[in-house]
Amino acid sequence: MTAACDLSVSLGPLRLANPVVLASGTAGYGRELGAALPLSALGAIVVKGVAPEPWPGNPGPRVVETPAGLVNSIGLENPGLDHFLAHDLPWLRSVGATVIVNVVGRTADDYVKVAGRLAAEPGVAALELNVSCPNVEAGCEFGHDPKLAAGLVARVKEANPAPLFVKLSPNAPDPLAVAEAVLGAGADGLTLMNTYLALAIDVRRRRPLLPGVTGGLSGPAVKPLTLRWIWEAAERFRAPIIGTGGAATVEDVVEFLLAGASAVGIGSATFARPDAAWRIAEALPEALARLGFATAAEAVGAAHGRGAGAGIPRG
Ligand SMILES: Cc1cc2nc3c(=O)[nH]c(=O)nc-3n(C[C@H](O)[C@H](O)[C@H](O)COP(=O)(O)O)c2cc1C
């Protein structure tokens with residue numbers, strides 16, 4: 001029997017039925033998983049990045065398995081905004097999914113164009129700005145520079161008042177300076193983190209395995225790194241956090257909540273078990289109840305020791 005526990009969480013203006021979300025790029029636009037599993041049972045799906053025009057992505061191989069994670073260099077392949085609006089968003093609405101649209105672009109105008117068009121669409125719960133892809137040229141320009149990032153956020157917010165999360169890069173010289181800048185410019189929250197720049201070698205060919213040489217590391221290997229970023233951001237800012245990077249079990253999700261995340265992205269774990277996010281969401285009430293939490297919100301930030309059971313209020 002499932003223990004009684006209110007799993008709903010508020011991330012600033014965004015309310016989710018539970019904290020478990022599918023991380024961008026690891027669940028496409030939801031159709032494949034959604035054919036077998038109810039997307040409406042998750043907190044949200046963060047769809048793969050949407051650009052104003054179709055992007056071809058990088059040549060293969062694009063994903064390499066390593067001992068404790070994946071190194072990927074997908075390159076933000078996506079069919080573009082028109083396709084998303086015509087085919088994917090209506091379907092996502094029809095199945096009752098809570099949709100967070102990950103927005104990508106080569107220029108600030110690209111991001112603003114996508115955000116602006118989405119403003120007219122029902123069924124977009126929030127935007128996530130990807131300023132942190134390590135696998136495309138100029139993919140990190142905005143995410144590495146606090147001033148550029150803040151300017152971008154201000155323009156996007158003007159184009160679309162929806163709750164806005166900025167997905168940061170751990171490869172930036174000072175990710176928390178970028179966080180401070182984007183929150184100052186009107187972002188509602190942070191997604192921490194995108195992948196960590198990494199390398200895999202093909203010993204037979206004596207060459208890097210990925211054609212672009214480097215890729216982004218995700219999966220269990222990065223979990224302690226993600227926890228550290230969540231912790232530090234939670235100490236410095238009052239903004240809500242979507243913690244993403246290395247969560248694969250319900251215990252991981254509880255750790256992320258305790259560190260200060262209000263929602264947790266499940267990414268690479270989905271490749272190992274397509275139903276990973278669903279299993280976690282199902283197991284979460286009991287895992288939280290065992291620790292004495294009556295609600296998921298209570299657990300958020302509770303490891304910061306600000307009083308008995310006191311989470312960090314981030315509503
Ligand atoms: C194959 C693959 C594709 C990804 N594509 C995107 C993407 O399009 N946009 C984005 O913001 N993040 C993308 N990511 C990063 C994930 O959303 C997530 O931040 C990262 O994988 C860490 O979480 P995990 O350890 O749970 O996988 C991708 C990750 C993988 C493994």
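Modeller: D252 touches K223, G246 and A247, leaving aside residues up to four places away in sequence, where contact means heavy atoms within 4.5 Å. This is a predicted model, in which local features need pLDDT of at least 70 and side-chain atom pairs count only at pLDDT 80 or more, whereas totals for chains, interfaces and linings use all residues. Residues are numbered from 1 along each chain as its sequence is written, and side-chain values use heavy atoms, with hydrogens and water left out.

Colleague: Where is D252 found, and does D252 count as buried or exposed?

Modeller: A residue is called buried under 20% relative accessible area, exposed over 50% and partly exposed in between, using a 1.4 Å probe and protein chains only. D252 has 9% relative accessibility and therefore counts as buried. D252 is found in helix α8 (residues 250-259); helices (H or I, at least four residues) and strands (E, at least two) are DSSP runs, numbered from the N terminus.

Colleague: Which residues of the largest nonpolar core touch the most other members?

Modeller: In soluble globular proteins, nonpolar side chains tend to be buried together. A nonpolar core is a set of buried Ala, Val, Leu, Ile, Met, Phe, Trp, Tyr and Cys residues joined through side-chain atoms within 4.5 Å. Here the largest nonpolar core has 96 residues, and F84, V101, L118, L127, I266 and L288 touch the most other members. Helix α10 (residues 276-290) supplies the largest share of this core, with 8 residues. As for L288, its contacts are C5, L7, V254, L257, F293, A296 and A299, again not counting residues up to four places away in sequence.

Colleague: How many aromatic pairs does a search of the whole structure find?

Modeller: Rings of Phe, Tyr and Trp (its six-membered ring) pair if their centres lie within 6.5 Å, and planes under 30 degrees apart count as stacked, over 60 as edge-to-face and the rest as tilted. By that rule, the search finds 2 aromatic pairs. In one of them, the rings of Y29 and F84 have centres 5.7 Å apart and planes at 50°, so the pair is tilted. Y29 lies in the loop between β3 (20-22) and α1 (31-34), while F84 lies in helix α2 (residues 81-94), so this pair ties together parts that are 55 residues apart in sequence. Y29 is buried at a relative accessible area of 11%, and F84 counts as buried at 0% relative accessibility. The rings of Y111 and F142 have centres 5.6 Å apart and planes at 85°, so that pair is edge-to-face. Because Y111 lies in helix α3 (residues 108-118) and F142 in helix α4 (residues 141-144), the pair ties together parts that are 31 residues apart in sequence. Y111 is buried, with a relative accessible area of 2%, and F142 counts as buried at 8% relative accessibility.

Colleague: What volume does the largest pocket have, and which residues lie nearest its centre?

Modeller: On a 1 Å grid over the protein atoms alone, a cavity is a set of points where a 1.4 Å probe fits but cannot get out, and a pocket is an open set with protein on both sides within 12 Å along at least five of seven lines; lining residues have an atom within 4 Å of a point. Grid points are joined across faces, edges and corners, and a volume is the space filled by probe spheres set on the points. The largest pocket has a volume of about 790 Å³, and of its 45 lining residues T26, N72, T195, S218 and S268 lie nearest its centre. The elements giving two or more residues to this lining are β5 (63-66), β6 (69-72), β14 (214-218) and α9 (269-272).

Colleague: Which peptide bonds are cis, and which residues other than glycine have a positive phi?

Modeller: Most residues other than glycine have a negative phi, and most peptide bonds are trans. The peptide bond from G60 to P61 is cis, with omega near -5°, and P61 lies in the loop between β4 (44-46) and β5. The bond from L192 to M193 is also cis, with omega near 10°. R206, not a glycine, has a positive phi of about 55° and is exposed, with a relative accessible area of 74%. V213 has a phi near 75°, a positive value in a residue other than glycine, and at 36% relative accessibility V213 counts as partly exposed.
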